[in-house]
Amino acid sequence: MQHGKYRFIVGFLALPLGLYALFVVWPFIQSIYYSFTDWTGLSPEFKMVGFDNYTRMLHDDIFWKSLEHSLLFALVLPLVTISLALFFAFMINVGGRRRRGGPVISGVRGSSFYKIVYFFPQVLSIAIVALLFQFAYNPDSGAVNSILRGIGLDSVQPLWLGDPNLALWCVMAVLVWSTVGFFVVLFSAGMASIPAELYEAALLDGASRATTFFRVTLPLLWDTVQSGWVYMGILALGAESFAVVQIMTTGPGGPDYSTTVLVLYVYQKAFRDGQAAYATTIGVALLVVTLAFAAIVMRLGRRERLEY
Amino acid sequence: MGSTSNNSAEGVGRRDLIKRSAALGLVAAPGMGLLSACASSGGGGQKKDKAGKKTAKNPLGVNDTAKMEFVLFDGGFGKEYAEDAVKIYEGNFPKATVKFSATQKIQSTLQPRFNQGNPPDLIDNSGAEQMDMGVLVGKNQLADLTPLLDAPSYDDPGKKVRDTLRPGIVEMGQFDGAPVWILYYAYTVYGVWYSQKALDSLDAEYPKTWDEMLAVCEKAKKKGMAGWTYAGKYPYYLPFSLYPMIGKVGGREVLDAIDNLEPNAWKHPAVKACFEAYYELYQKGYILKGTPGLDHIQSQTAWAKGEALFIPNGSWVENESANVIPKDFDLAVSAPSGIDGSDKMPFGTIWASGGEPFVVPAKAANPEGGMEQLRIMLSEASSKNFTAKVKSLTAYNGGTTGITLTPGLKSGVAALQLAGSNVVNPRLQDWYVQLQKEKIGVSGLGEMMAGRLTPAEAVKKIQGFADEAAKDNTIKHYKHQ
């Protein structure tokens, strides 16, 4: 039966590979091709211009600002989201006090309720979340400043999205809020499959909660964390950051370009300024950044696999 | 024992990397990919319909059996006015079929069709997804509307269409001289909007000089009302009152020099004086607290609730804020206050210009039909219908007699009368969209009015932006004729 094996495999792979080539690889190649033209997106006529778009990009202040913000998104968001999610997941699954008659390893009181609460934002569309927070950040009548006033902090009334020093952080906070629940559930699932004996042994040896976390939980969860990290980074570079920035910090990307990101810039150049070729050029830059990000995370995260 | 990890040594890592990269492709590429699909589908173009015979009743020579397609931007003015005009077209050409559609997504709907060379015959290219006019003109995608302007008007065969339009409309539709590419159908009055009732309650009149303005604001402040608010997230609303003020203080040439991107245009003393005047509003605390964080709807709502006295805006505000403006608000608009008696132009100098740009694509199958539809819309009856329905004037000069005008509209008409020939029309916002909105608006004026730039710094920054735009050869440059 060996001789038919490859034909068999090829037969199965041909269709998905074909679809992949048609809908993923081919658009990439086309995009790269269009980045060397002066295509406007509004007329079928264009001509080759060589590296003009790339030279222009390197001298474009807004491109560099967008890149800076995108990188900040890709670094800070996964760090904050995943740290928070790990902490919450640990508390929900492992961090509880030992209760008489209960299982040896358990979460804090009410942990199943918390799990649902954390996951709740995940069911809302990112567009709705962004809109809700846009209202909350309204400096005049929004929830955030109202709470500040309510607790007597009348003098502290920041402009939030209207302040170039705060706007980017406000946007990031919303993304953290809306994605942390997904990772709590993901990590909870991972922790659930870590054998309870390991925790019992650690407890018997008198390990504190922190030690348990860093010596037992985290190493055994490492693969999940790493995947989550890449996943979050790509979200932060791509779709999610576009949605929140576009919806919340309308204007062109925050006051004084303080929140503009690469995806938003691609969109604006292609669909507002009629410069589709330049947009594809920025898109190519985004592709490079994202691939580099994934590669770096994979590289740095490589460690010996633990067997248990 | 259970295991969360994969058994192969590098399994998850490598494979995940590939999977994620694929996912990334789906995240980052679709826009580019889809765009590419449009371009590569080629520019075959569609067949032109044969023109019909020119007669007195059909001066443009519309083929009365040809299909006519009309795509309208479905925005603040709705679509009813256009539907009414389409009915007239259908009545005049019973054998023709008209395909009418209204959308908010002008660019996403029409961009592929321009790329394929089969655009509709008439487009209201407006709204947030407006297609860049400079690009359309530059790539020869628009038809010259001169035949329409030279055709007899719908109501009076002795008068050309161009002679029935408000001043400035024809010029606005031109890019670099002669041919007319765009016909702006609505006519917008920009300025300082306020509640006459609120002003009366302060025992004040609309201030004509800046000292008077500061005095009114001080009065309002004592009553717990802010003097001004504006769309803080879209500070490019500020120019609606600031630019005509610059024109009033320094004369039209200052605004023209700014539009022409002349070196040091922004360093004119009139610009600085007006910037300083506005900055004073911030310094003296006359701006509604939190304004830089508000968008246009939020600021308009705060203003309608009486939290602030003045707001720079355009005449669409009456329709847009209709549900938040109280019944006894007594909406009014005024030309901007000046600095003092030494201003170059008189009080009343106002910014008014066309809105709702209609275009006929060069590659349309039935361009005569598209133009005829516009000719119908520019009749007195259609114009009146528009004004009555959406509380805005049209490009048709007149057409307000016999209909009850809403307070804002009435005040707009009065402001135009007071202005007479002193109507200015700064073009930055339709010539250089990004420069006007993002750079001058958000990064310049917005930052200054939030107190993060001094007027001198703002002038310098904005001049830098203008110089950059003047040097940028990827955008088309224009000059006042």
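Colleague: How far apart should the ends of helix α17 of chain B be, at 1.5 Å a residue?
Modeller: Its 13 residues, 407–419, should span 18 Å, and the end C-alpha atoms are 18 Å apart, which agrees. The expected span is 1.5 Å times one less than the number of residues; helices are DSSP runs of H or I, at least four residues, and strands are E runs of at least two, numbered from the N terminus. This is a predicted model, where local features need pLDDT of at least 70 and side-chain atom pairs 80 or more, while totals for chains, interfaces and linings use all residues. Residues are numbered from 1 along each chain, chains are lettered from A and ligands numbered from 1 as written, and side-chain values use heavy atoms without hydrogens or water.

Colleague: Which residues of α17(B) are buried?
Modeller: Among them are B:Leu409, B:Val413 and B:Leu416 (under 20% relative accessible area, 1.4 Å probe, protein chains only).

Colleague: And what follows α17(B)?
Modeller: B:Gly420, with a positive phi near 60 degrees.

Colleague: New topic: how many residues has the largest nonpolar core?
Modeller: 145, and B:Trp228, B:Trp266, B:Phe275 and B:Phe310 have the most contacts inside it. A core joins buried Ala, Val, Leu, Ile, Met, Phe, Trp, Tyr and Cys through side-chain atoms within 4.5 Å.

Colleague: Which strand gives the most to this core?
Modeller: β4 of chain B, residues 182–195, with 11 residues. Domain 1 (15–188 + 353–410) and domain 2 (191–351 + 427–471) of chain B both contribute, so the core lies between them; the bounds come from an automatic or database assignment.

Colleague: Which residues are in a second core?
Modeller: That separate core has 73 residues, including A:Ile82 and A:Phe293.

How values were computed
Buried < 20%, exposed > 50% of the residue type's maximum accessible area, 1.4 Å probe, protein only.
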